[in-house]
Amino acid sequence: MTINVTRSSMPGFEEYCEEIKELWESRWLTNSGAKHQKFQAELEKMLGVPHVVLFTNGHLALENIIAAFEFPKGAEVITTPFTFASTTHAIVRNGLTPVFCDVNPENYTMDASKIEALITEKTVAIVPVHVYGNMCDVEKIADIAKKHNLKVIYDAAHAFAVKYKGVSSACFGDASMFSFHATKVFNTIEGGAVCFSDDSLVDKLNSMKNFGITSPESVGFVGGNAKMSEFQAAMGICNLRHLEGEIAKRKAVVERYFRHLDGVKGIKLCKPDKNVTPNYAYFPVVFDGFTASRDEIFTKLAENGIIARKYFYPLTNTFDCYKNLPGSGAEKTPVAAYFADRVLTLPLYADLALEDVDRICGIILERR
Ligand SMILES: *Cc1c(COP(=O)(O)O)cnc(C)c1O
């Protein structure tokens with residue numbers, strides 16, 4: 001049987017049916033219905049953040065929060081190429097120019113010591129990514145942003161339920177975006193959210209995701225449609241009940257991987273950070289000086305029905321659509337390029353059997 005890199009967490013069938021039953025009575029399927037409101041309130045409480053605005057997916061959440069700041073067209077946004085396509089697209093689709101900052105070799109998030117050199121008079125914001133659920137250097141980034149009067153919008157798609165020094169990842173920067181896509185630690189099938197504390201953004205984002213409608217008979221601006229439906233919210237309410245258990249199961253899987261792979265020559269793992277409460281979202285392994293290359297391991301696993309992912313390869317600054325931007329190209333971000341060529345994320349999900357982890361590691365270590 002094929003083992004995929006991920007497998008969606010789902011509540012019991014009966015539990016979900018129970019949750020959506022009322023919708024057959026209310027016939028209110030979207031547009032901020034009862035499930036949407038309940039789910040939003042539960043998230044605000046759980047994350048300890050003043051405002052959560054729900055979206056139909058994480059990408060549109062990010063695109064809309066960037067748009068909400070109304071940066072001038074052509075302004076520059078410092079970001080990372082070591083991420084999913086979405087982060088860079090969200091910047092560019094807003095008419096802004098991404099400026100790629102390299103990552104650090106410890107946890108692959110933006111190297112905060114390299115940000116200031118990239119700031120010009122056109123810079124308006126920093127969009128860092130908590131890659132794999134590893135927290136960025138939120139303190140240093142906050143200092144730089146304050147000093148240069150920049151907004152900070154975190155792509156926290158990987159970092160749901162992660163805490164830094166006991167504070168939720170939702171609480172850093174001017175805003176943070178979560179993805180609740182089926183493949184993430186916590187899902188609403190498709191879904192996403194923006195978290196922030198500025199009261200003035202609430203009505204704005206709610207209008208933006210609903211065609212710019214500002215009251216029953218007025219449309220204040222050119223909005224789109226990015227609303228979360230009641231069925232998605234109901235999935236969120238159910239999955240939230242099981243989140244702790246799912247993360248505990250992921251932890252056991254990660255510990256099993258560590259038992260086999262930690263300390264093996266040529267294999268580098270992301271070490272837990274004492275300030276971070278992790279969510280065990282991904283299990284990246286860097287093959288650097290191992291007897292086999294990342295690509296060889298990838299192929300070997302695939303031959304055995306095990307689907308790992310070269311996550312993140314290629315870098316977004318080498319995409320066909322971005323490689324000709326000034327400042328693009330992998331050579332401008334050598335650390336990111338180095339790891340993009342060597343990293344593999346291994347299968348990780350709550351229900352992954354520990355015997356399967358043993359088998360996966362056995363296949364890798366055969367090559368020692
Ligand atoms: C998943 C993901 C997104 C996009 O979220 P969707 O909910 O799939 O739209 C954005 N950024 C990163 C880093 C992601 O992994």
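In which order do the three strands of the open sheet with E13 stand, and what is the sense of their pairing? The order is E7-E6-E13 and the pairing is antiparallel, where strands (E, at least two residues) and helices (H or I, at least four) are DSSP runs numbered from the N terminus, and two strands pair if DSSP finds at least two bridges between them. The model is a predicted one, in which local features need pLDDT of at least 70 and side-chain atom pairs count only at pLDDT 80 or more, while totals for chains, interfaces and linings use all residues. Residues are numbered from 1 along each chain as its sequence is written, and side-chain values use heavy atoms, with hydrogens and water left out.

Strand E6 (residues 163-164) is joined to E13 by two bridges in the antiparallel sense, and tyrosine 164 stands opposite valine 276 in E13.

Another open sheet has three strands in the order E12-E14-E15, again with antiparallel pairing. Strand E12 (267-269) and strand E15 (343-346) each have a single partner strand, so one side of each is left without a neighbour in the sheet. Neighbouring strands of this sheet are turned by 35° against each other on average, direction ignored; the axes are lines fitted to C-alpha atoms, for helices over the stretch in contact, and angles run from 0 to 180 degrees between N-to-C directions. Strand E14 (residues 283-287) and E15 run antiparallel and are joined by four bridges, with valine 285 opposite leucine 344 in E15. Helix H9 (residues 294-303) packs on this sheet and touches E14 and E15, its direction making about 30° with that of E15, where contact means heavy atoms within 4.5 Å.

**Ligand surroundings**

Around the ligand there are 16 residues, of which Gly58, Asp155, His158, Ser179 and Lys184 come nearest; a residue is counted if one of its heavy atoms lies within 4 Å of the molecule. The table lists polar contacts, that is, pairs of N or O atoms within 3.5 Å.

| Residue | N or O atom belongs to | Distance to a ligand oxygen atom |
|---|---|---|
| Histidine 59 | backbone | 2.8 Å |
| Serine 179 | side chain | 2.7 Å |
| Lysine 184 | side chain | 3.2 Å |

Taken alone, the ligand exposes 380 Å², and the protein buries 94% of that, with accessible areas from the Shrake-Rupley method and a 1.4 Å probe.

**Backbone particulars**

Helix H8 (residues 230-261) has a kink of about 50° centred on histidine 242, the bend at a residue being the angle between axes fitted to the seven residues ending there and the seven starting there. After H8 comes glycine 263, whose phi is positive, near 85°. Asparagine 149 also has a positive phi, of about 55°, although it is not a glycine, and asparagine 149 lies in the loop between helix H6 (138-148) and strand E5 (151-155).

Methods: Polar contact = N/O pair within 3.5 Å; in protein donor to acceptor, adjacent residues only side chain to side chain.
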